[in-house]
Amino acid sequence: MSFRQTILVLLIFFISACGDKATSTTVSPKGDDSGVLVPEEIFPKNIILMIGDGMGIAQISAAMYLNSSKLNIEEFSIMGLQKTFSGDNLITDSAAGATAIACGVKTYNNGIGVDMDTLPVPSIMEIAKNKGLAVGMVVTSSVVHGTPAPFMAHVPHRQFKEKIALDFMNTEIDFMVGGGKKYFDNRKDEKDLYKEFKKRGYFISDYFKQDIFDMHVSNRRNFVYFTANDDPVPAAAGREYLPYVSSIGAKFLRKRNEKGFFMMIEGSQIDWGGHAKDAEKVVSELNDFDKAIGKILKFAKKDKETLVIVTADHECGGFAINNGSTREMLFPAFTTNGHTADLIPVFAYGPQAELFRGIYDNTDIFKKMKQALRLDKKEN
Ligand code: MG
Ligand code: ZN
């Protein structure tokens with residue numbers, strides 16, 4: 001072997017060794033390839049994951065400028081970006097986007113908590129419950145909608161909403177507030193899931209019976225409350241429960257058990273503003289979601305054991321703030337009434353927040369959350 005050949009062989013060996021490292025998907029607890037160090041001993045007891053459906057950078061920018069540049073989301077100092085493409089499309093839908101975050105797999109658009117072969121994949125919420133943590137969700141769509149569904153259900157298509165509701169009976173949920181009453185108590189198959197919840201000792205109520213703002217919520221029983229028969233009204237029409245219920249939900253879950261909790265909060269209708277090419281709706285829904293972020297950051301700062309993650313499933317509308325806009329008056333524009341493939345910001349606060357720096361796949365959010373909660377190490 002000549003000197004030149006030896007150098008070549010060494011070079012190939014070196015490149016392939018680097019290649020192996022680059023394609024590895026495991027994240028070291030001590031840090032990652034970016035050189036960011038993660039404290040080894042400080043792990044969160046709780047995770048609160050907040051998803052602003054359809055919330056891209058331009059949506060956040062618009063709400064920020066119109067709020068005199070004061071949003072609660074500005075308090076985050078640790079940020080990353082996620083790639084949202086799904087298993088069969090560069091442009092994801094909410095079902096595949098949420099399945100990636102909830103279950104850690106890229107699936108086809110419309111798939112709920114299943115892989116490319118329609119096989120069920122356990123979600124972070126189900127794994128957390130299996131390990132003895134309390135779990136909960138608060139959303140401003142129906143609870144059987146594309147984003148919340150993959151946390152609790154495994155069905156081949158997002159439109160199978162009654163089947164999704166049925167899957168909610170497979171995993172105990174400690175705290176749940178959102179729309180979708182009719183999928184539980186007025187079903188085509190005539191199953192009464194209200195009765196089933198009651199049989200299991202849950203407290204269950206809805207918008208029709210009482211106002212959630214007037215209720216005393218006891219953490220002694222599982223708490224389920226429906227805010228609408230199907231999807232709740234927009235924030236602009238007077239819907240204002242998200243910030244308040246996010247706050248009481250976090251406190252409820254913290255008192256619920258010693259092991260900790262996992263909670264998902266969704267600002268569901270930012271996306272619907274994008275689909276409608278309605279910038280005012282985008283901003284009013286984002287403001288509502290940001291108020292919930294403020295409540296949760298307040299909780300986490302006091303609690304000190306909670307990792308808060310704020311992100312979206314995808315961008316919606318190809319939203320932009322056009323030339324001619326001022327800080328008081330925006331000239332927004334949309335390039336589509338559908339989703340786009342923009343990179344999406346991820347904001348993190350609390351123990352192990354550093355894990356969320358960098359650019360990574362949406363499926364890595366599942367892996368990072370699982371790692372932060374050390375779910376692999378907890379006994380059943
Ligand atoms: Mg959604
Ligand atoms: Zn959408």
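Are Phe184 and Phe197 buried or exposed? In this predicted model, local features require pLDDT of at least 70 and side-chain atom pairs count only at pLDDT 80 or more, whereas totals for chains, interfaces and linings use all residues. Residues are numbered from 1 along each chain as its sequence is written, chains are lettered from A and ligands numbered from 1 in the order in which they are written, and side-chain values use heavy atoms, with hydrogens and water left out.

Phe184 and Phe197 are both buried (under 20% relative accessible area, with exposed over 50% and partly exposed in between; 1.4 Å probe, protein chains only). Aromatic pairs, defined for rings of Phe, Tyr and Trp (its six-membered ring) with centres within 6.5 Å, are stacked with planes under 30 degrees apart, edge-to-face over 60 and tilted for the rest; the count comes to 14. Phe184 and Phe197 form a stacked pair, 6.0 Å centre to centre with 25 degrees between the planes. Both belong to one aromatic cluster that also holds Phe168, Tyr194, Tyr202 and Phe226.

Although 132 residues separate Lys129 from Phe261 in sequence, their C-alpha atoms are 8.4 Å apart.
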